[in-house]
Amino acid sequence: MTPLLCLLVALAVPRAALSQNRDSSGIVRPRVASAEVFYPPHAQGDAVVILELTIDETGHVTGARSVAGDPPFSTAAVTAAQRFTFTPAQRGGRPVVARIRYQVTFRQPQAAEQEDAPVVGAAVVSEPTTPGEAVPPPPRAIEVTVEGERLAPSVSSFTRAEVRELPGSFGDPFRAVEALPGVTPLISGVPYFFVRGAPPGNVGYFLDGIRVPLLYHVGLGPSVVHPAIVERVDLYSGGYPARYGRFAGGIVAGETTAPRPEFHGEASVRLLDAGAMVEAPLLDGRATVLAGGRYSYTGLLLSLLSPEAVLEYWDYQLRASYDVGSRDTVSVFSFGAFDFLGERQEQGTRVLLSSEFHRIDLRWDHRASARTNLRVATTLGMERTRGEDEDFFLRDRTLGFRSEIVHRAAEELTLSLGADLLTDTYDVRAPTDDTEDDPQARQDFARLFPKRTDLVTGVFAEARIRPARGVTVTPGLRADSYVSDGAGAVGVDPRISARFDVTERFALLHAFGVAHQPPSFVVPVPGFQLSGLRGGLQESLQYSAGFEARLPWDLTATVNVFHNTFFNMTDLLGTLQSGNDNEDRAVDERSLGRSLGLEVFLRRPLTKQLGGFLSYTLSRSTRSIGREQFVSSFDRTHVLNLALGYDLGRRWRVGSRLVFYTGFPVQEDSDPASRRAAPDRVPPFHRIDLRLEKKWPLGKRGYWAFVLEVLNATLQKEVVDVDCSGGRCREDAIGPVTIPSLGVEAAF
């Protein structure tokens, strides 16, 4: 759903009050001529940000930095301030440079009845900090209007500040996705999951609207994006905004931090890896450059346990932005990642898995007016995966174009229109070791992954309508045309969501959507995309309804029921335990799927002295192939996450998270005696994650911290199968999968 612009109108001081702007020395303070600020999308709570602004003789802001306040509010304020204009300060009737303090107060809208009411902040001029600057007296408060965006009914979200305090996530916003309602894990610690019954291959990953082939490094590693550049992560479980398409399951969308025209950065050194991110301003704040990345030395520790094992990963992020004028910004954003898993042998290192991807995104943002924004972007990409055979690889070279215009026609209507195009050129070299003696296997591989060029074009439109006070309706429509390996298909995806604010603290939520997707691979792997559309597109119908309640003590409760239906679905993972011979299952075999359930999300921001959340999902997922219907092989009836964090004072903070889920169904056996002895499901699993942090101040605004974090501190093993052959059942368990993290972090 397109983030709505919040107008921040600075009211000029009346002419009759000009005498109040002049002191006895003839100095006249600068006055705001125009200013617009955004309430940070998906931010929560109130905040105060104090900016230090440098204003030149023409009234333009040539420098801006925050001297008080935390992201995302400080980021939003600094970014917006670059486009403020003032009537310049004067001394003796001549314009002069001035440095002032400007305070903005953000207040989160509480209900529809208050959405149109102004939220007031103050711009306050202080004493000069540099000799020779204008010294105007403190002015009257300048009113500003800030309108905050509400979350879409189908989205759950964590900000970076909250995720940093979440035990078991290692401060990684994308790792926190598994704790949200509607998410069913495969196995503890494995970064693939079902979302409201949709398999991992049907869940799309995006960063700033750019499609990402995978989110996590190999070997239970972190996400492929440095946390410092991620502002927030949204999980759209269904009925998502029209700008997102081509996935029939959920959408995981990350948004990067806005460029900050001040020098800042973060760094960390942990047992498993080290990373850093630095951003700096150029050209008096009109341009910014950012560089970040991580490098893992996991192999050094792994070699102590298994000398033959080789595990490596790294990632990088580069960004540069430039304000061409007060209305135009051009930027380039490049990021990528590499993963390697191998085994040392006498003949050399045997490659088990080697994958990488790279993206370069060029974009232009234009503010046509206070009500209209335009973005045009072009993305180049490459992704590749190599296997054990030295000559085996799958490579995808991508070229994409996207544009979107957002226009606020009136207070009651915001329109979004857009188009995108993506080409994927696949260069494939089939494996020989496993197929040279099996012509059928080689033929199947060539059929599933041929050399080809795929093309998809799409257009979308969405409106955010407030037909009455307390009612927000968001209809949308998306249409995509697909061409792959000589076949074509068209998907038309209508969507609609609605919010009804019954009272100031209680709202009803509804969402419905249709989504289409080409056939998908089992899990996201760079370069692995099934070919052809002869079997048709996958299709899903996604429906949810529920309510949101604001409770005392800053608690928010969200409850949803959902019902998703999947047609023509490719889901090898979900169809393994069907009672048939699994070797007959093909990767591209189609099935009918259903998933229904209840989601409960009770949260108090983890940034509070005492914060936490309860996330619970009750669900049932089924699959049908022909006349055969069965429970999905990774159906888990109950999934629970319970997290608490507490500030002990003196910059000490502790936290813990309990993860619990029931087991998946046991595969049927042809032996009647074995079927009678077998349990219905594997045993449930639970683990406890711990986090301990101690902070020390670093400079005026920064800090450095010691962090101890452990995933599965209780050393629990997980049962992944039950063997009941011969009438006697034996549990097959793995683990304990325990990941300790001991490190030092710093921010400046």
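Student: Leaving aside its neighbours within four places in sequence, which residues is T558 in contact with?

Tutor: This is a predicted model, and in it T558 touches L509, F547, E548, E599, V600 and F601, once neighbours within four places in sequence are set aside.

Student: Where is T558 found?

Tutor: T558 belongs to strand 30, residues 555–570.

Student: Buried or exposed, what does T558 count as?

Tutor: Buried, because its relative accessibility is 18% and the cut-off for buried is under 20%.

Student: OK, switching to charges. How many salt bridges does a search of the whole structure find?

Tutor: The search turns up 42. One of them joins the side chains of D234 and R232, at 3.1 Å from N to O.

Student: And how buried are D234 and R232, in relative accessible area?

Tutor: D234 has a relative accessible area of 1%, so it is buried. R232 is buried as well, at 7%.

Student: What about D454, which side chain does it meet in a salt bridge?

Tutor: D454 meets R452, with 3.2 Å between N and O. Both D454 and R452 are buried. Another salt bridge is R687 with D689, at 2.9 Å, N to O, and those two residues are buried too.

Student: Which residues are linked in a network of salt bridges?

Tutor: The network takes in R164, E165, R653, R691, E693, E709 and E745.

Student: Now the greasy side of things. Which residues form the nonpolar patch on the surface?

Tutor: The patch is made of F263, L271, V278, W696, L698, W704, F706, L708, L742, V744 and F748, and together they have about 880 Å² of accessible area.

Student: Which strands each supply at least two residues of that patch?

Tutor: Strand 36 (685–698), strand 37 (702–711) and strand 40 (739–747) do. Strand 37 gives the most, with three residues.

Student: Where's W704, and what is its relative accessible area?

Tutor: W704 sits in strand 37. Its relative accessible area is 35%, so W704 is partly exposed.

Student: In which sense do strand 12 and strand 15 pair, and over how many bridges?

Tutor: Strand 12 (residues 204–207) and strand 15 (residues 251–256) pair in the parallel sense, over four bridges. F206 has A253 in strand 15 as its bridge partner.

Student: Which aromatic cluster is F206 in?

Tutor: F206 clusters with Y236, Y244 and F247.

Student: How many aromatic pairs does the structure hold?

Tutor: There are 18 of them. In one, F86 and Y102 are edge-to-face, 6.4 Å centre to centre with 90° between the planes. That pair links distant parts of the chain, with F86 in strand 5 (residues 85–87) and Y102 in strand 8 (residues 98–106), 16 residues apart. F86 and Y102 are both buried.

Student: And what kind of pair do W314 and F338 form?

Tutor: A stacked one, 5.4 Å centre to centre and 20° between the planes. W314 lies in strand 19 (residues 309–323) and F338 in strand 20 (residues 328–345), so the pair ties together parts that are 24 residues apart in sequence.

Student: What do W314 and F338 count as, buried or partly exposed?

Tutor: W314 counts as partly exposed, at 31% relative accessibility, while F338 counts as buried, at 16%.

Note on methods. Residues numbered from 1 in each chain as written. Predicted model: local features only at pLDDT ≥ 70, side-chain atom pairs only at ≥ 80, totals over all residues. Heavy atoms only, no water. Patch = residues over 30% accessible without salt bridge, like charges linked within 9 Å, V, L, I, M, F, W, Y side chains within 5 Å. Areas by Shrake-Rupley, 256 points an atom, 1.4 Å probe, with all protein chains shown as cover. Salt bridge = Lys/Arg side-chain N within 4 Å of Asp/Glu carboxyl O. Buried < 20%, exposed > 50% of the residue type's maximum accessible area, 1.4 Å probe, protein only. Pairing = 2+ DSSP bridges. Contact = heavy atoms within 4.5 Å. Phe/Tyr/Trp six-rings, centres within 6.5 Å; stacked < 30°, edge-to-face > 60°.
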